[in-house]
Amino acid sequence: MGHCPAVIENTALSRRCAPEKAQNGILNMNDKIRNIAIIAHVDHGKTTLVDQLLRQSGVFRSNEAVQDRVMDSNDLERERGITILSKNTAVNYKGYRINIVDTPGHADFGGEVERILKMVDGVLLLVDAFEGCMPQTRFVLRKALELGKVPVVVINKIDRPGARPYEVVDETLDLFLELGASDEQCDFPIVYASAKQGVSGFDPYKLESTMQPLFDTIINSVPAPGGEEEGPLQLLISTVDYDDYVGRIGVGRIERGIAVRNRTVAVCTEGGEPREAKLSRLYRFEGLKRVEVDSVGAGDIVAVAGIPGISIGETVCDPLNIEPLPFVHIDEPTVSMDFIVNTSPFAGREGKYVTSRNLRDRLFKEVETNVSMRVEETGSTDAFKVSGRGELHLSILIETMRRQDYEFAVSRPRVIMKRDEHGHLLEPIEELTVDVPSEYMGTVMEKLGTRRAVMNNMINDNEGSVRLVFDIPARGLMGYRSELLTDTRGNGVMSHIFKGYEPYTGEIAERTRGSLIASESGEANSYGIFNTQERGRMFCHPGDPIYEGQIVGECSRNEDITVNVCKKKHVTNMRASGSDESLRLTPPLEFSLEQCLEFIRDDELVEVTPKSIRMRKRLLTKDQRIKDFNRRQSQSAEEREEL
Ligand SMILES: Nc1nc2c(ncn2[C@@H]2O[C@H](COP(=O)(O)OP(=O)(O)OP(=O)(O)O)[C@@H](O)[C@H]2O)c(=O)[nH]1
Ligand SMILES: [Mg+2]
């Protein structure tokens, strides 16, 4: 173990060598089961580690071509390279069944992690050997410790140049202490690994060529699940999945008793009315598959089909013994957005589901499985207020819906404010960590200053990089990521995590540029764009269909201007000198969905269809906008008079 700190050196070794013990001395049927979740900050290698555990436990045939990060199975996950939904798998190792849950690392999906922890007894806390502990490491560890889960620390990415394993172990221990971990929890075993290379060991400089050291540590350190099989059935549903053939599938851990196929059960929540159902199908996880079984006993993780409307947080019980289990409290949403029926002149051209009814059904279906999301009706039947844990949480829903052929418009995201008991306004504050090469430090601090960030810490790594830690209102953070990338030429890395509600910090300056608004519907052409582009940056290409009121560019001044990008050159019989081809067009800005959401103001919307993302004014004609402006002016004048 070389120069590893003494406390920890003992632990890793002593645990590893400890003889296998039955829990509480009682030999259970499930002594050969281990339930673990893999938790970490975003990108520290959780899904890659699951790949290796699957591979090295023989889930794949030796010649099978398996894609990387195989658990990130949905399109958006693969496209973005992040895990969005937690997923179950299980492997067999030396006669043990290890149920594994891969969790998302991004803070917006923190709600997933909290409830997933209900299924497991132990966690693998992954920490990047180079980056060290990050905000989400603290968040997930705190949740795991609060729920009394047994931690195993995995220092991952040992292969990275600049890896500093021992320092990172120290940081991790400090984090445990800071979070008030018990002596027992602080006595965590440590495994060093490179998930990518499939190697692990107890000495970072002498790794074994397999994941065996990690497998052994899981088996020796994480307790068997316990729980009696004799008692009446109690199964807490922690996630819900959907299958085209069998419909909704509830996944959870059996706390007590045995689930038997075709038995009648009662499904209920605490304080709710129980309903009867039949367990028509039972599955266990095996590698990437769900395998049908006849019965599953206490301590194991099971998937059940055949219960209509089964929801997260419900308990499946013995009908003669209805005892619902309490569910974890999930943190409240901090950002909300209106989802509105698409009223643009192009409505219904590109999507299949466009009506208010379609939108309503889809949104209310989402909250059944997306536990930290909320949907509320508004005064209008055409608009719904959707609230989530952050911009990404909402934009992933938007992106998913457009892939499912929905068409709609969304408003600019707003943070959710609250009032304290004295009526003072409170707003969500985030802890922001930014890693940048030191030469960009000044710019970053200046920009964040205008967004009302307050710096709490600055750590120099003596290799030209600096880590800055701020408290910043969530409002101030909106749209900062792209600014950071521009300001640091792509070298800045940031992550943030919800800290809590604090007193309102005051106004934050908005975007200082207006919009270029199309004055006419038609097709954009080179001539029209050429004559407009000197007024700002364009968003459209020649040939794009355009409608009146659509935002076709960003104005270089702080005002909205109507422009005509569809205007055709007056045709004469004479050949004009300088044909269309000689018009030099500046390439338009291509905005992603997130960038559009950051760009729009309160009187603007983003129109989302399966094929396009457009920005528009809420009121499409200039007339309407002028009337609205006048109305609001006279309204505020009246208000002033009243005062
Ligand atoms: N060098 C190195 N890179 C790794 C290692 N493990 C993972 N990576 C890389 O790190 C990146 C993120 O890996 P993922 O497995 O997707 O990380 P994750 O923790 O599942 O990410 P989220 O689910 O989005 O939180 C990928 O590019 C991996 O190839 C490792 O041991 N060494
Ligand atoms: Mg992942």
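How many of the eight residues of strand 1 (residues 33–40) are buried? Eight of the eight are, so strand 1 is largely enclosed by the rest of the structure, where buried means that 20 or more other C-beta atoms lie within 10 Å of the residue's own, exposed means 12 or fewer, and partly exposed covers what is in between, with C-beta atoms placed from the backbone. This is a predicted model, in which local features need pLDDT of at least 70 and side-chain atom pairs count only at pLDDT 80 or more, whereas totals for chains, interfaces and linings use all residues. Residues are numbered from 1 along each chain as its sequence is written, and chains are lettered from A and ligands numbered from 1 in the order in which they are written. Helices (H or I, at least four residues) and strands (E, at least two) are DSSP runs numbered from the N terminus, and two strands pair if DSSP finds at least two bridges between them.

- Seven strands form an open sheet in the order 2-3-1-4-5-6-7, and their pairing is mixed.
- Strand 2 (87–93) and strand 7 (199–201) are the edge strands, each with a single partner strand, so one side of each has no neighbour in the sheet.
- From one strand to the next the twist averages 25 degrees, with axes taken as lines fitted to C-alpha atoms (for helices over the stretch in contact) and angles running from 0 to 180 degrees between N-to-C directions.
- In a regular strand the side chains alternate between the two faces of the sheet.
- In strand 1, Ile-33, Asn-35, Ala-37 and Ile-39 point one way while Arg-34, Ile-36, Ile-38 and Ala-40 point the other way, and all of them are buried.
- Strand 1 pairs in the parallel sense with strand 3 (residues 96–102) over six bridges, and Ile-33 stands opposite Arg-97 in strand 3.
- Strand 1 also pairs in the parallel sense with strand 4 (residues 122–128), over five bridges, and here Ile-38 stands opposite Leu-124.
- Strand 6 (residues 190–194) pairs with strand 7 in the antiparallel sense over three bridges, with Ser-194 opposite Val-199.
- Val-150, which is found in strand 5 (residues 150–156), is partly exposed, with 17 other C-beta atoms within 10 Å, and its C-alpha atom is separated by 7.8 Å from that of Pro-223, 73 residues apart along the chain.

- Strand 13 (residues 281–286) and strand 16 (residues 301–305) run antiparallel and are joined by three bridges, with Val-304 as the bridge partner of Leu-282.
- Strand 32 (residues 551–555) pairs in the antiparallel sense with strand 28 (residues 515–518) over three bridges, and three bridges also join strand 32 to strand 30 (residues 536–538), again antiparallel.
- Glu-554 in strand 32 is the bridge partner of Ser-515 and also of Arg-537.

**Helices**

- Helix 6 (residues 165–178) has 14 residues that should span 20 Å at 1.5 Å a residue, and its end C-alpha atoms are 20 Å apart, which agrees; the expected span is 1.5 Å times one less than the number of residues.
- The buried residues of helix 6 are Pro-165, Val-168, Val-169, Thr-172, Leu-175 and Phe-176.
- Seen down the axis of helix 6, these buried residues fall within an arc of 120 degrees, so they line one face of the helix, the arc being that of the directions from the helix axis to the C-beta atoms.
- The face turned away from the buried side of helix 6 carries the exposed residues Glu-167, Asp-174, Leu-177 and Glu-178.
- In helix 16 (residues 622–642), the number of buried residues among its 21 is zero, so helix 16 lies largely in the open.

**Surroundings of ligand 1**

- Ligand 1 is surrounded by 21 residues, the closest being Gly-45, Thr-47, Thr-48, Thr-83 and Gly-105, where a residue is near a molecule or strand if its C-beta atom, placed from the backbone, lies within 6 Å of it.
- Helix 2 (residues 46–56) supplies the largest share of this shell, three residues.
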